[in-house]
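Please read the numbered points with the sequence and the 3D view at hand.

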Amino acid sequence: MKNIHFILFAILLTACNQAQEKISPTAILVSDVNIVNVRNGEILKNQQVVIDSGKIKGISESIENTESYQTKIAGKGKFMLPGLAEMHAHIPSPPTSKERVEDVLFLYLSNGITTIRGMLGHPSHLELREKAKNSEIASPRIFTSSPSLNGNSVTSKEEAIARVTDYQKAGYDFLKIHPGIQLEVFDQIVSTSNEVGIPFAGHVPVDVGIRHALKSKYVSIDHVDGFLEGLVPETANVKPNQNGFFGYNFTSLADTTRIDELVQMAKENKVWIVPTQSLFTRWFAPTNGEELLAQPEMQYMTKETLSNWGTIKEQSTGPDSGFDADQWKQFDAIRKQLMKKLQDGGHGMLLGSDAPQLFNVPGFSIHHEIDAMEDAGLTPLEILQSGTINPAVYFGMDDQFGEIKEGLEADLIIVDANPLENLDALQQISGVMRQGKWHSKEAIDQRLGKIAEKMASN
């Protein structure tokens, strides 16, 4: 009988030891956190989330041996959601210093952005992409476009074939289309990109037009580019190259009854939209440049950049620019209508602010974009989806990131309040996790302070 008791005791002891051994010394426990389901908007309350080796290993209501976790993050009363994607980002290129490039990448990360899609590629960005992938730098996941394809860089079919082929071989994730490309050259770009297997995204050249662009199956059209011009009836007999700032000059000619046709074409051809609406509420808008330059986030930009922004703002919307605030209101209303209808009936929306364009500081500008999208009538859940699950689907990687789910990469943010009730909660970050590495608010604030010091002294 004693032998049986001994054997039972030994079995129980072995089981307990095995249970203890299963907890990796590198495992992280986030306790009692509320998880935001970005697919349906549900909140999974008071969950225990285990993270290890850069992955979400487990999600449960209760967990044993909590004292065995060497790293624990208190999530009580807080909300966990996937890291955001900035789908129209810019990464500095040479001669910008390595230190400044890495600081810019951290500015994105500090605001909960764990994925960026660089929209003006450079060979150095291919190296940065690998460094980010291998956790050699504190950076979001990087996808990068090719260098610009525009009216100056591709002037013939032969050049189109050569550049598209070279960029695909170099390993860029997609091609960046800029204005100025002639129609036959554009069609060659499309043909060659389909042949070699590299997608294309960006602007719609005026010689191409929005309808031909949609039929050509861009993977994304950014800035809602070309849509307003597409609302102008043929009977108006306008010259497309007189469209002004993203169609502003054609505002009074736009026939909004034509929006539904374009939205349907976007859906049929599976074209994602990146609105970058913050460009039109900050740069090209009746906003005061001095007030924008006084915002706290400007401390992370160089003095030269801020000076240039002020000058360009004055040239774009100042008293001598020809800018008309009433026309802008109509222009803005049409853009908002386009955004809302593209959300409701199009293929899908992607969150992107175009940073660092005028007054759009990397990372911080995503919150201005979120405000602008909400002002256009998108719901908090739709906006969250545009920056989480939608980008993952866009990249064909929704089995790797984009939501809080066991087996996915541990790219996430923890905030102090429910973002579905108030999207400003996304600015109340408790910490950011990228590839399973935790960046606490204290650590983030410390590095941001150092960046600000460098900018003040340059």
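1. Serine 220 is buried, as its relative accessibility is 0%; buried means under 20% relative accessible area, exposed over 50%, and partly exposed in between, with a 1.4 Å probe and protein chains only. This serine belongs to strand E11, residues 220–222. Helices (H or I, at least four residues) and strands (E, at least two) are DSSP runs, numbered from the N terminus. The side chain of serine 220 makes a polar contact of 2.8 Å with the side chain of aspartate 222. A polar contact is a pair of N or O atoms within 3.5 Å; within protein, one must be able to donate a hydrogen and the other to accept it, and residues adjacent in sequence count only if both atoms are side-chain atoms. Not counting residues up to four places away in sequence, serine 220 touches Arg117, Phe200, Ala201, Gly202, Val271, Trp272, Val274 and Tyr394, where contact means heavy atoms within 4.5 Å.

2. On the source: this is a predicted model, in which local features need pLDDT of at least 70 and side-chain atom pairs count only at pLDDT 80 or more, while totals for chains, interfaces and linings use all residues. Residues are numbered from 1 along each chain as its sequence is written, and side-chain values use heavy atoms, with hydrogens and water left out.

3. Histidine 223 lies in the loop between E11 and helix H7 (259–268). Its phi is positive, near 70°, in a residue other than glycine. Histidine 223 counts as buried because its relative accessible area is 2%.

4. The largest nonpolar core has 105 residues, of which Leu149, Ile189, Tyr218, Ile221 and Phe227 touch the most other members. Helix H2 (residues 98–110) contributes the most to this core, with seven residues. Such a core is a set of buried Ala, Val, Leu, Ile, Met, Phe, Trp, Tyr and Cys residues joined through side-chain atoms within 4.5 Å. Leaving out residues up to four places away in sequence, phenylalanine 227 touches Ile210, Leu214, Ile221, Leu262, Ile273, Leu338 and Leu342. Another core, of 14 residues, lies apart from it and includes Val30, Val49, Met80 and Leu412.

5. Helix H4 (residues 157–170) packs against helix H5 (residues 183–196) at an angle of about 35°, with the axes 9 Å apart. Axes are lines fitted to C-alpha atoms, for helices over the stretch in contact, and angles run from 0 to 180 degrees between N-to-C directions. From H4, Lys157, Ala160, Ile161, Val164, Thr165 and Gln168 meet Glu184, Val185, Gln188, Ile189, Thr192, Ser193 and Val196 of H5. Asparagine 194, also in H5, is exposed, since its relative accessibility is 55%.

6. Proline 419 sits in the loop between strand E13 (412–415) and strand E14 (429–434). With a relative accessible area of 0%, this proline is buried. Its C-alpha atom is 8.6 Å from that of leucine 381, 38 residues apart along the chain.

7. Two cis peptide bonds deserve a look. One runs from proline 94 to proline 95, with omega near 15°, and proline 95 lies in the loop between strand E6 (84–89) and H2. Another runs from alanine 355 to proline 356, with omega near -5°; proline 356 lies in the loop between helix H11 (325–345) and helix H12 (365–375).
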